[in-house]
Amino acid sequence: MRLTDWQLAFEQHLLSETPVANSGFAATLLGGPTLDVDTGLAIYHNAYISRLQDVLRHDFSAILYWLGDDEFAALTEAYVRRYPSAHYSLRWLGERFPTFILEHLVAEQGVPLAELARLEWAFTLAFDAPQGEPLTLHDMASLAPEDWPGLQVTLAPSVQQVFCRFNTVAIWRASKDESDFPHSQALDPVQICLVWRHQNVCHYRSLEPAEICALAGMVTTGWRFSELCAELAVTYAEGAPLQAVTWLKQWVQDGLLERRAP
Amino acid sequence: MAMSLPFLGYGLGLRNEYYEQILEQSPAVDWFEVISENYLVQGGKALYYLDAIAERYPLVMHGVSLSIGGPHALDTDYLKQIRQLAERIQPAWVSDHLCWSRGSAHQLHDLLPLPYTEESLYHVAARVRQVQDVLERPLVLENVSSYVRSKADEFTEWEFLNALAHLSGCQLLLDVNNVYVSSRNHGFDAWTFIRNLPPQSIRQLHLAGHMDYGDYVVDTHDHPVCDPVWDLYQQTLEHLGPVSTLLERDDHFPPFEELLTELSKARELGAMALARRSLCA
Ligand SMILES: [Fe+2]
């Protein structure tokens, strides 16, 4: 048997659902004095699946908390059989897990669970995203008054936006606190939860619709600060500049923004 | 001779569980080994601590996904990133495993054994040279634990390592625990394995724990080093002279002090072995 064919057979064994290898492949192997070939192959088979499940247990601990050990083990085994790892780093193993949950489970269970998985994945993305150059309050203080109206910003590289149609953040929080689980509930209106890293610590915060619109206007539409004030005047009238400054200060303090080159 | 290679002393694996303690307490560890893949990221806490620790301690890079014996083409993007990380932290050397960890289509994330045949030998040797060309330094390869072996074997594992070092110029990371684990599983003599390796190629040693199931042994890296492995380690140092030694722990992380105590044991046993060596010389 050529080396590549033998490796292919070995790979097939690891990827198959049962720890017992096909007899053709097993016949190419030798055991030891007290370790037979089938046991040896089962060691590899178990190690393969349990190593991957360990990674997912770590990256999706709230899903684990929600489902419990057995259901989580079944779901993650089905996941890695369906989507074997494609990246050399186990860091990316869970990338398709939220999508898989939607494909694999009935919608009633799958939709809120996938949302929770997306929130947990957002934390992993924020954790090791590039640092970028987030604006600081010090930067803002040294901004000349005439530069304020034209100020434009983007999101810092670590900022992730998770669209929440359910009380996913409360569920996630309960899993971290190991407290009682709230029932899954649809939210009205929906929320955006921001997840980001600031000074090497991950943070999260849910935004109300008014703040979402203001932030999106700045970072996505590309409003200048003066345009933000103008937009807010519709709702806040003469209080608009104060509201704009309050939000901007909060965003900068949180480390959410980078300056967009003028 | 082994002594002409830099002797870093006694090191520990760098794990995120211990970052803060290392920076705050500057423990008496001579060097740290880092899992390369953990730092092939664009930012965040891991890189922050890595840079800080690199300023204070010598580092060695240890990879797990090169898949030097794999059936696929070498991942040039991965190699480029390894090279960049090496430029960033200036490790004393760069190692991975003599194994394959990626199949035809998928990453398997395990250190899978190779058949010790001429076909494997030439396949691996050519790829080692390719890696060394990119990294512009010798590649250091570690022997892995195994639970099956191929009927097609034409060499013993130590003959294969010898031939590979000779053909490719790679150096060796001798994992004493892995030798012990495989010797029990396959029924060979561990000392015969070690005694027959080319001493001048051995750059580093690994010490680790395992799970002993009686009929077989599984390399779990989650236990303290066991007595037969300590014995083998002393015998190895007495034979080789000083070789940089690393205590590995990949799971069930104990308080850092426990690892330091185990590292002191390695230091003491190592010093005794080296003293015996100089007496008998
Ligand atoms: Fe090792």
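This is a predicted model: local features need pLDDT of at least 70, side-chain atom pairs count only at pLDDT 80 or more; totals for chains, interfaces and linings use all residues.
Good morning. Of the 135 residues in the largest nonpolar core, Ile63(A) and Ile53(B) touch the most other members. By nonpolar core I mean a set of buried Ala, Val, Leu, Ile, Met, Phe, Trp, Tyr and Cys residues joined through side-chain atoms within 4.5 Å. Buried means under 20% relative accessible area, exposed means over 50%, and partly exposed is in between, with a 1.4 Å probe and protein chains only. Domain 1 (1-104) and domain 2 (115-262) of chain A both contribute residues to this core, so it lies between them.

Residues are numbered from 1 along each chain as its sequence is written, chains are lettered from A and ligands numbered from 1 in the order in which they are written, and side-chain values use heavy atoms, with hydrogens and water left out.

Leaving aside neighbours within four places in sequence, Ile53(B) is in contact (heavy atoms within 4.5 Å) with Leu14(B), Tyr19(B), Ile22(B), Leu23(B), Phe32(B) and Leu59(B). Ile53(B) is one of the buried residues of helix 2 (residues 45-54) of chain B, together with Ala46(B), Leu47(B), Tyr49(B), Leu50(B) and Ala52(B). Helices (H or I, at least four residues) and strands (E, at least two) are DSSP runs, numbered from the N terminus. The cover over these buried residues includes helix 1 (19-25), strand 2 (31-35), strand 3 (59-62) and helix 3 (76-89) of chain B.

I turn now to chain A. Its domain assignment, whose bounds come from an automatic or database source, gives domain 1 (1-104) and domain 2 (115-262). The centres of these two domains, taken over C-alpha atoms, are separated by 39 Å. In all, 15 residues of domain 1 of chain A are in contact with 17 residues of domain 2 of chain A.

How do helix 6 and helix 7 of chain A pack? Helix 6 (residues 97-104) and helix 7 (residues 107-128) of chain A meet at an angle of about 175 degrees, and their axes are 8 Å apart. Axes here are lines fitted to C-alpha atoms, for helices over the stretch in contact, and angles run from 0 to 180 degrees between N-to-C directions. Helix 6 of chain A is therefore roughly antiparallel to helix 7 of chain A; angles over 145 degrees count as roughly antiparallel, under 35 as roughly parallel, 65 to 115 as roughly perpendicular and the rest as oblique. Helix 6 of chain A brings Phe97(A), Pro98(A), Ile101(A) and Leu102(A) to the contact, while helix 7 of chain A brings Gly110(A), Val111(A), Leu113(A), Ala114(A), Ala117(A) and Arg118(A). These residues divide into 8 nonpolar, 1 polar and 1 charged. In that count, Ala, Val, Leu, Ile, Met, Phe, Trp, Tyr, Cys and Pro are nonpolar, Asp, Glu, Lys and Arg are charged, and the others, Gly among them, are polar.

One residue of that contact deserves attention. Ala117(A), in helix 7 of chain A, is buried, with a relative accessible area of 0%. Not counting residues up to four places away in sequence, Ala117(A) touches Phe60(A), Ile63(A), Phe97(A), Pro98(A) and Ile101(A).

Next, strand 3 (residues 160-166) of chain A holds Val162(A), which is buried at 4% relative accessible area. Beyond neighbours within four places in sequence, Val162(A) is in contact with Arg118(A), Leu119(A), Ala122(A), Gln191(A), Ile192(A) and Cys193(A).

Is Asp254(A) buried or exposed? Asp254(A), located in helix 12 (residues 240-254) of chain A, is buried, with a relative accessible area of 14%. Its contacts, leaving aside neighbours within four places in sequence, are Trp196(A), His198(A) and Arg205(A).

I close with backbone geometry. Most residues other than glycine have a negative phi, and most peptide bonds are trans. A cis peptide bond, with omega about 0 degrees, joins Asp188(A) and Pro189(A), and Pro189(A) lies in strand 4 (residues 186-198) of chain A. Glu178(A) has a positive phi, near 50 degrees; Glu178(A) sits in the loop between helix 9 (168-177) and strand 4 of chain A and is exposed at 63% relative accessibility. Phi of His252(B) is likewise positive and near 50 degrees, and His252(B) is found in the loop between strand 13 (244-247) and helix 9 (256-280) of chain B.
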